[in-house]
Amino acid sequence: MNNSKNNTADSNDEDDVLKAEKWCADFKKNPLKALLLFCIWIVLIAICAKTVWEHYLIGWELLKTAKGGIAEFVLILSFCMIFKQSAKLFKGSGHDAAKFLLRAVGVIMVCASILTAIIAGPATSGYGWMEDEAKSYINEEILNKDPIECTAVSINKKSNNTYYGKASFSNGTTKNVVATFLLLESHRRAIVYKVKVNLY
């Protein structure tokens, strides 16, 4: 029984190696397709890492929202695809003359994906989500039918759930902003929150 299981496992490993070797051979013939996919995943990582980081800094519960949850899923999926592609370059290049080159490409892919996530996420201020929410609140709740429009909000400081910055308006003026994130309810897969903004 054990021998049968071992034989099956060995057969599966051999199949994986053969598939990886074929993938490496195809990569050497036409690397553009694989590199294009890699570029797409890198762009997705950059976009989603920024979104996830901004949501996480407000509170991990915010990742339960549709935007936060989708960004988190796509981020993990993109990393998995890059790691899978890199693993093929290692597994399938064992007997290849260009083994070291192929494996170097795999290492570069993984390092580039991690560096992209860091630059797009933790290396930024992480206030983008709150800036967008504050801008929407000012235009919809404070200005409402006023001909003046808030064109941008720039947050530069936070204390607990309160954020401080400046709002710019279409008439060329600026005002100080105090935005507060209020978590009203938190359920297993959803949250209820509110953002309040004061200008002065």
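**Figure 1. Contacts of histidine 55 in the predicted model.** Histidine 55 touches Leu62, Leu63, Thr65, Lys67, Gly68 and Trp129, leaving aside residues up to four places away in sequence. The model shown here and in the other views is predicted. Histidine 55 sits in helix H2, which covers residues 31–58. The residue counts as buried because its relative accessibility is 2%, under the 20% limit. Two of its contacts return in later views. Gly68 is among the buried residues of H3. Trp129 is among the buried residues of H5.

**Figure 2. Stacked rings of tryptophan 23 and phenylalanine 27.** The model has 7 aromatic pairs. In the pair of tryptophan 23 and phenylalanine 27, the ring centres are 5.6 Å apart and the planes meet at 10 degrees, so the pair is stacked. The cut-off for stacking is planes under 30 degrees apart. Both residues belong to helix H1, residues 2–29. They are 4 residues apart, about one turn of the helix. Phenylalanine 27 has a relative accessibility of 8% and so counts as buried.

**Figure 3. An aromatic cluster and a lysine over a ring.** Trp129, Phe181 and Tyr193 are linked into a cluster by ring pairs. Trp129 is also a contact of histidine 55. Elsewhere, lysine 157 lies over the face of tyrosine 164. The distance from lysine 157 to the ring centre is 5.2 Å.

Figure 4. H3 runs over residues 66–91, 26 residues in total. From first C-alpha to last, H3 reaches 37 Å. That is close to the 38 Å expected at 1.5 Å a residue. Its buried residues are Gly68, Ala71, Leu75, Ser78, Phe79, Ile82, Gln85, Ser86 and Leu89. Glycine 69 is also found in H3. Its relative accessible area is 27%, so glycine 69 is partly exposed. In sequence, glycine 69 and valine 52 are 17 residues apart. In space, their C-alpha atoms are 8.3 Å apart.

**Figure 5. Leucine 44 in helix H2.** Leucine 44 is found in helix H2. Its relative accessible area is 31%, so leucine 44 is partly exposed. Leucine 44 touches Val74 and Ser78, not counting residues up to four places away in sequence. Ser78 is one of the buried residues of H3. Leucine 44 and threonine 116 are 72 residues apart along the chain. Their C-alpha atoms are separated by 9.9 Å.

**Figure 6. The two sides of helix H4.** H4 spans residues 99–120. Its 22 residues should span 32 Å at 1.5 Å a residue, and the end C-alpha atoms are 32 Å apart, which agrees. Leu102, Gly106, Met109, Val110, Ser113, Thr116, Ala117 and Ala120 are buried in H4. These residues cover an arc of only 130 degrees around the axis, so they lie on the same side of H4. Phe100, Leu101, Ile108 and Ile119 are exposed on the other side of H4.

**Figure 7. Helix H5, its bend and its packing.** H5 holds 16 residues, 128–143. Its first and last C-alpha atoms are 21 Å apart, close to the 22 Å expected at 1.5 Å a residue. At tyrosine 137, H5 bends by about 25 degrees. Gly128, Trp129, Met130, Glu131, Ala134, Ile138, Asn139 and Leu143 are the buried residues of H5.

**Figure 8. Two asparagines with positive phi.** Most residues other than glycine have a negative phi. Asparagine 144 follows H5 and lies in the loop between H5 and S1. Its phi is positive, near 50 degrees. Asparagine 144 has a relative accessible area of 53%, so this residue is exposed. Asparagine 160 has its place in the loop between S1 and S2. The phi of asparagine 160 is positive, near 55 degrees. At 67% relative accessibility, asparagine 160 counts as exposed.

Methods
Residues numbered from 1 in each chain as written. Predicted model: local features only at pLDDT ≥ 70, side-chain atom pairs only at ≥ 80, totals over all residues. Heavy atoms only, no water. Phe/Tyr/Trp six-rings, centres within 6.5 Å; stacked < 30°, edge-to-face > 60°. Buried < 20%, exposed > 50% of the residue type's maximum accessible area, 1.4 Å probe, protein only. Lys NZ or Arg CZ within 6 Å of the ring centre and 35° of its normal. Contact = heavy atoms within 4.5 Å. Expected span 1.5 Å × (residues − 1). Arc of directions from axis to C-beta. Bend = angle between axes of the 7 residues up to and from the residue.
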